[in-house]
Amino acid sequence: MADPLVTVLMTVHNGWEYLKESVRSVLSQTFEDFEFLIINDCSTDDSVKIIESFNDERIVIHHNEKNLGQTKSLNIGLRLARGKYVARMDAD
């Protein structure tokens, strides 16, 4: 599989309340050549369950081993991103 043109990067830590709408917003775009890289920053709520419920092959989830906060999680995401361009999206 070729690398996508765009990586959409999101971090989440216990973001269940608005997460479903945020993920749906990204996945419903007409542009489709992207990976959706979500950095789970040790969520203890249903965030991971919500993400997995989409069952979309463009979604890639990375699980931090400990809570690092948004900035460090974004830096991890930038290292993991395969796209030529990176677009940011918040979980809320």
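What is the accessible surface of the protein chain, and how much of it belongs to carbon and sulfur atoms? In this predicted model, the accessible surface comes to about 5,800 Å², and carbon and sulfur atoms account for 49% of that area. The protein chain contains 3 helices and 4 strands, arranged along the sequence in the pattern β-α-β-α-β-α-β.

**Overall form**

- The radius of gyration is 12 Å, close to the 12 Å given by the globule rule for 92 residues, so the protein chain is as compact as a globular protein of that length.
- Along the principal axes, the C-alpha atoms fill a box of roughly 35 × 25 × 20 Å.
- Of the 92 residues, 40% are buried.
- Among contacts between residues at least 6 apart in sequence, 77% join residues at least 24 apart.

**Nonpolar cores**

- In soluble globular proteins, nonpolar side chains tend to be buried together.
- The largest nonpolar core has 15 residues, of which Leu19, Val23, Phe34, Phe36, Ile38 and Ile59 touch the most other members.
- Two or more residues of this core come from each of β1 (6–12), α1 (16–27), β2 (34–40) and α2 (47–52).
- A second, separate core of 5 residues includes Leu9, Leu37, Ile39 and Ile76.
- Apart from residues up to four places away in sequence, Phe34 touches Pro4, Val6, Val8, Val26, Leu27 and Arg58.

- Ser43 lies in the loop between β2 and α2.
- Ser43 counts as buried because its relative accessible area, 16%, is under 20%.
- The side chain of Ser43 makes a polar contact of 2.8 Å with the side chain of Asn40.
- Beyond its neighbours within four places in sequence, Ser43 is in contact with Val12, His13 and Asn14.

Key: Residues numbered from 1 in each chain as written. Predicted model: local features only at pLDDT ≥ 70, side-chain atom pairs only at ≥ 80, totals over all residues. Heavy atoms only, no water. Core = buried A, V, L, I, M, F, W, Y, C linked by side-chain atoms within 4.5 Å. Buried < 20%, exposed > 50% of the residue type's maximum accessible area, 1.4 Å probe, protein only. Contact = heavy atoms within 4.5 Å. Polar contact = N/O pair within 3.5 Å; in protein donor to acceptor, adjacent residues only side chain to side chain. Rg over C-alpha atoms; globule rule 2.2 N^0.38 Å. Areas by Shrake-Rupley, 256 points an atom, 1.4 Å probe, with all protein chains shown as cover.
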